[in-house]
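Thanks for coming, everyone. I will keep this brisk. Please have a look at the chain on the screen before we start.

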Amino acid sequence: MLILVSGGSGSGKSEFAESLVVSSGLTERVYLATMRVWDEESARRVERHRAMRAGKGFSTLECPAGLDRLEVPAGAAVLLEDLTNLFANEYFSQTGAGACDRVLAGVERAAGRAALLVVVANELFSDGMDYEPTTLAYLAELARLNRAVAARAEGVYEVVCGIPVAWKEATP
């Protein structure tokens, strides 16, 4: 089963996504960590997420890129945190061309092996800002990726102020 959880920064999307994995009844829980630690702020975010999942039975696989080549454990509950970082890492790399297709292939592959794949995505499309063409191209491809994952998912949730809103409901 594939579930997409989206929301803005600090919305509670990570906590909700973790709760879906923990409540699934699956005992093998894998956290796919996509963030590259560049500075103190990103290090603090990583530590906050580690503290959130402490004691919940997660093992961690670092996956800042190359999800299409990663073997997730068959039958596990997998939490991909997050799609936006993974895509940015792929898109802005030296092999950026085809990033959307590579990441989508990785999501499909992981969903095919896992009993449950919960994918977290940041909502970046509502700020009303004007961006440079490079950023606009990135956002357009990210939107395409999000739509493709949502189309394949059995469940799609948006978390707003800690409240999950089901756009396409699925119970793991």
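Let's begin with K13. Leaving aside neighbours within four places in sequence, K13 is in contact with V5, S6, G7, G8, V120, A121, N122 and V159. Contact here means heavy atoms within 4.5 Å. K13 sits in helix α1. Helices (H or I, at least four residues) and strands (E, at least two) are DSSP runs, numbered from the N terminus. Is K13 buried or exposed? K13 counts as buried, at 6% relative accessibility. The cut-offs are these: buried is under 20% relative accessible area, exposed is over 50%, and partly exposed is in between, using a 1.4 Å probe and protein chains only.

A word on what you are looking at. This is a predicted model, where local features need pLDDT of at least 70, side-chain atom pairs count only at pLDDT 80 or more, and totals for chains, interfaces and linings use all residues. Residues are numbered from 1 along each chain as its sequence is written, and side-chain values use heavy atoms, with hydrogens and water left out.

Next, strand β1. It covers residues 2-7. How many of its six residues are buried? Six of the six are, so by the under-20% cut-off β1 is mostly covered. L2, L4 and S6 point one way, while I3, V5 and G7 point the other way.

Which strands does β1 pair with? Two strands pair if DSSP finds at least two bridges between them. β1 and β5 pair in the parallel sense, over six bridges. In that pairing, I3 stands opposite V118 of β5. β1 and β6 run parallel too, joined by five bridges. There, S6 has E158 of β6 as its bridge partner.

Now the pockets. On a 1 Å grid over the protein atoms alone, a cavity is a set of points where a 1.4 Å probe fits but cannot get out; a pocket is an open set with protein on both sides within 12 Å along at least five of seven lines; and lining residues have an atom within 4 Å of a point. Grid points are joined across faces, edges and corners, and a volume is the space filled by probe spheres set on the points.

The largest pocket holds about 770 Å³ of space. It is lined by 36 residues, and the closest to its centre are M35, R45, D82, N85 and N122. Two or more lining residues come from each of α1, β2 (29-33), α2, β3, α3 (83-91) and β5 (116-122). Which element gives the most? It is α2, with nine residues. By class, the lining has eleven nonpolar, 13 polar and twelve charged residues. Nonpolar means Ala, Val, Leu, Ile, Met, Phe, Trp, Tyr, Cys and Pro; charged means Asp, Glu, Lys and Arg; the others, Gly among them, are polar.

The second largest pocket has a volume of about 210 Å³. Of its 13 lining residues, L4, S6, E123, N146 and V156 are the closest to the centre. β1, β5, α5 and β6 (155-160) each give two or more residues to this lining. The classes here are seven nonpolar, three polar and three charged.

Last topic: salt bridges. A salt bridge is a side-chain nitrogen of Lys or Arg within 4 Å of a carboxyl oxygen of Asp or Glu. The whole structure has nine. Take K56 and E18, whose side chains meet at 2.9 Å, N to O. The pair links distant parts of the chain, 38 residues apart: K56 is in the loop between α2 (40-53) and β3 (58-62), and E18 is in helix α1 (residues 13-22). E18 is buried, at 1% relative accessibility, whereas K56 is partly exposed, at 29%.

A second one joins R109 and E71, with the closest N and O atoms 2.2 Å apart. R109 lies in helix α4 (residues 99-113) and E71 in the loop between β3 and β4 (77-81), so this pair ties together parts that are 38 residues apart in sequence. R109 is partly exposed, at 28%, and E71 is partly exposed, at 44%.

That's my tour. Over to you.
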